[in-house]
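The following note comments on a single structure and is set out as numbered points. Please read it alongside the sequence and the coordinates.

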Amino acid sequence: MSTPGIGDPYWYEWYVGLERIIEMINPDSNISYVIFQSEVHNTIDDVVVGIGNQEEVCFQVKHEVGDAGKGNLTFSKLIETTIRESGSTKMSLIRALAIGWKDAREKEGKTITPVLYTNRKLGVNRTTRTFDGERYRAISLEEFIRKIKSYVEQSKSIAEIDRLIDDRDLKVQWNEFKASIGDDSLVLDFLKSVVIRSNEGSLEELENSMLRSLQDTFKCNLMVARGLFDKLCSNLRIWTTTRRKDKVKVTIEDVFDALSLNYDKEHGEHELPYPMPFFKSRQEFANNLIRYIKENDQKVVWISGDPGSGKTSLISYLQLNNKLFKARYHTFKPISPEQRFYNADSGLCKPKSLWNDLLIQLRRYFKGELNKYNIPVTNALCSVEQMRKEVIRLAELLNKKTGEKVIICIDGIDHAARANNEITFLHSLFSPDEIPEGVVFVIVGQPAQLYEQYPIWLKTETEYVAHFHMPPLLKEDIKVLLTQKGIKLDININVLSEFIYEKTQGNNLSVAFAIEEAKYCDTIEDFKRILNEKYVSGDITNYYSHIWKYVTDYLNKKNLGFPFPDKVVASALILLNGRVNTDVVTVK
C-alpha cells in the first residue's frame, strides 16, 4: 500500500546509508567511504559503500510503506518487465541489477557487490507460469534462490549448471531467469556477486538498531546515542542533496566532523630518531638495560639523567633499533644543535594527552578485534579515567595474547613537574601495585631529588621499582663524533677530545654543542674562548642561561615582549647564537 507524497522511501534509503556510516566508525569494517545516490553508478546507485581501495558494495533499495498489505518480492516481480505510464518498457529488476553491476565493474575497475535491499519478504508460494511456450510449476522465489545458489557455488560455467539441473520445472524456471538477465556471459559471475537482503526492518526498527550500534561503538548511554544520531540525520541535508557539490564521498573525517568529535590523533610526536653515530658506550648501556627489563620482574624502571645527558636519544635507540616499547610517549621534542627553535606545548603535560596517545598506540595491536575485546573505537567520548583504564587493560590483554612483556615508555616527566599551575599527568601515573603481571612502565626524566612533584613511589628503589642513571659519554665517544663532524682544529684529536671531555664532563648535549661551536673556529684558542664566553660546561643549563640573556637583552632593546612565561622553559627553547626571528623567537 502506498501513500502519495510520503517520504518513507527516501528516508529508508538514507537509513541504509547511515547504517553503513555507523559501521565505518569502527575501523574493523574497512569501510573507506559512503555515497548517497551515486552519479556514476546506474541501477545500483542508492547507496555505494567503498571497502578499502578495491571493492564497492552497491545497494539498490526497494521499500514499501507500511506493514499491512505489504506485498512480497516474488519471482515474477524480480524478472518481469513493466510498462511505464509513458508507454515505454522498464527492464526487469534482476536485469537492472546485472547491467548496473557490469557497468560499475568496467568504470570503477573494482570488485562490485550489488545488493538488493528491501523490507519486503521473499515470496513463498508456488505458481503456474509459461515460458517459451512451456507451462511449468514455478517454485517460490525464496526456494529458487536457495537451490540456484547451491548450483552456482559448485559450477564454473552456465553450461555446467544447465547439466546439473535435472528437474524439468526448475530447468524451465532457470531458463526464464537467465532470459530476464538477457546476457548469458554475465549470469554466472553476477550470481556469484549479487546479494538479496529481504525482510529488512522498518524505519523505526532500523533507527533503533542504529541507536544500539552507536551505544556499542561509543560505549555511551541511549541519551548520548540519540544526540549523535540526530547530528548524523542533520547532515543528510548535505550528504544527500546537491549542496554536497563535488564532495560526494562521506569519509570518516566527515562523520567525526558531523558528530563534532575530533578524529583520534596523537598530541605529541613519539617516533623520534636517535642521533648517529650512536656511541658504543651507549649501546652497551642500552643492551644491559634491555636484558635487565626482560629478565627481572620490576613493574617500573626509572631512568634518570641530568639535563642534556641523552635520555631521549637512548629511548629512541631502544625503540627504533630494538622495538622494545609497545607504546611510547614524549612530553616534549628533544632539542639539538640542528633544531633552531622548540615550541613548547604545555598540553603534552596534561593527563588527557598522555592517556589519549598511549591508548591510540595500544589499540593498533587489536585491529580486527575491537568488538571482541570491547575496545572503544575512538577516544573522543572517553573520560581521562576511562582512557587510563583502557591503557592498562589493553596492556594486560596484549601480554596474555602475545606471551611477551608489554613495555610502555613515558619520557620527560620533569617537563610535567615544571608545568606551573597545571594539573599534570604525574598524579595519574600507575603506581607499581596497580600494574599487572607482564606489564612494565619505563619512566624517564631528570633526577628525582630535583622535583617534589614526582610520585613518592618513584623516588626510592624497591623490589618493584628499578633505578638506572644515564652514564656520561666517554672520551672515545667524543673522538668518534669529532671524526664524524670533520672537525679540523690545529690540535691533536686525542688532546681535543680530552679538553672537550673535561669541559663538558661527558654531558651528551654539552658535547654536541661544543663540537657545533668548533665547526666555526679556526684555532684551539678561538674554540676555548667561545666555550668560556658561552658557559659551555657539564651543566647544560649554563649554556641555556647565556642564550636566554642574549635573547632577553635583544627583545628589551627592541621593546618586544616575550611569549613564554617561564624562564627555565623559555631558555631551553632557544638554541645557538646570532639573529633573532621574533615571529617564533628563533636564535640562529
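**Note on the structure**

1. Phe36 is found in strand β1 (residues 31-36); helices (H or I, at least four residues) and strands (E, at least two) are DSSP runs, numbered from the N terminus. The model is a predicted one, in which local features need pLDDT of at least 70 and side-chain atom pairs count only at pLDDT 80 or more, while totals for chains, interfaces and linings use all residues. Residues are numbered from 1 along each chain as its sequence is written, and side-chain values use heavy atoms, with hydrogens and water left out.

2. Phe36 has a relative accessible area of 2% and is therefore buried (buried means under 20% relative accessible area, exposed over 50%, partly exposed in between, with a 1.4 Å probe and protein chains only). Leaving aside neighbours within four places in sequence, the contacts of Phe36 include Trp14, Leu18, Ile21, Leu236, Trp239 and Val250, where contact means heavy atoms within 4.5 Å. Between Phe36 and Val16, 20 residues apart in sequence, the C-alpha to C-alpha distance is 9.6 Å.

3. An open sheet of 5 strands shows parallel pairing in the order β11-β12-β13-β10-β14; two strands pair if DSSP finds at least two bridges between them. Strands β11 (327-330) and β14 (465-469) stand at the edges with a single partner strand each, so one side of each is left without a neighbour in the sheet. From one strand to the next, the twist averages 15°.

4. Within this sheet, strands β12 (residues 406-411) and β13 (residues 439-445) run parallel and are joined by 6 bridges. Ile407 stands opposite Val440 in β13. Helix α11 (residues 280-295) packs on the sheet and touches β10 (300-304), β12, β13 and β14, its direction making about 175° with that of β14. Helix α13 (residues 351-363) also packs on the sheet, where it touches β11 and β12, and its direction makes about 150° with that of β11. For these angles, axes are lines fitted to C-alpha atoms, for helices over the stretch in contact, and the values run from 0 to 180 degrees between N-to-C directions.

5. How many salt bridges does a search of the whole structure find? The search finds 24, a salt bridge being a side-chain nitrogen of Lys or Arg within 4 Å of a carboxyl oxygen of Asp or Glu. One of the salt bridges joins the side chains of Glu143 and Arg126 (4.0 Å, N to O). Glu143 lies in helix α4 (residues 141-154) and Arg126 in the loop between β6 (111-118) and β7 (127-131), so the pair ties together parts 17 residues apart in sequence. Glu143 counts as buried, at 19% relative accessibility, whereas Arg126 counts as partly exposed, at 43%.

6. A salt bridge also forms between the side chains of Arg388 and Glu434 (3.3 Å, N to O). This pair links distant parts of the chain, 46 residues apart, with Arg388 in helix α14 (residues 384-402) and Glu434 in the loop between α15 (413-417) and β13. Arg388 is buried, with a relative accessible area of 10%; Glu434 is partly exposed, at 38% relative accessibility.

7. The side chains of Glu390 and Arg393 meet in a salt bridge at 2.9 Å, N to O. Both residues lie in helix α14, and their separation of 3 residues is about one turn of the helix. Glu390 is buried at 14% relative accessibility, while Arg393 is partly exposed with a relative accessible area of 27%. Finally, a network of salt bridges links Glu19, Arg20 and Glu23.
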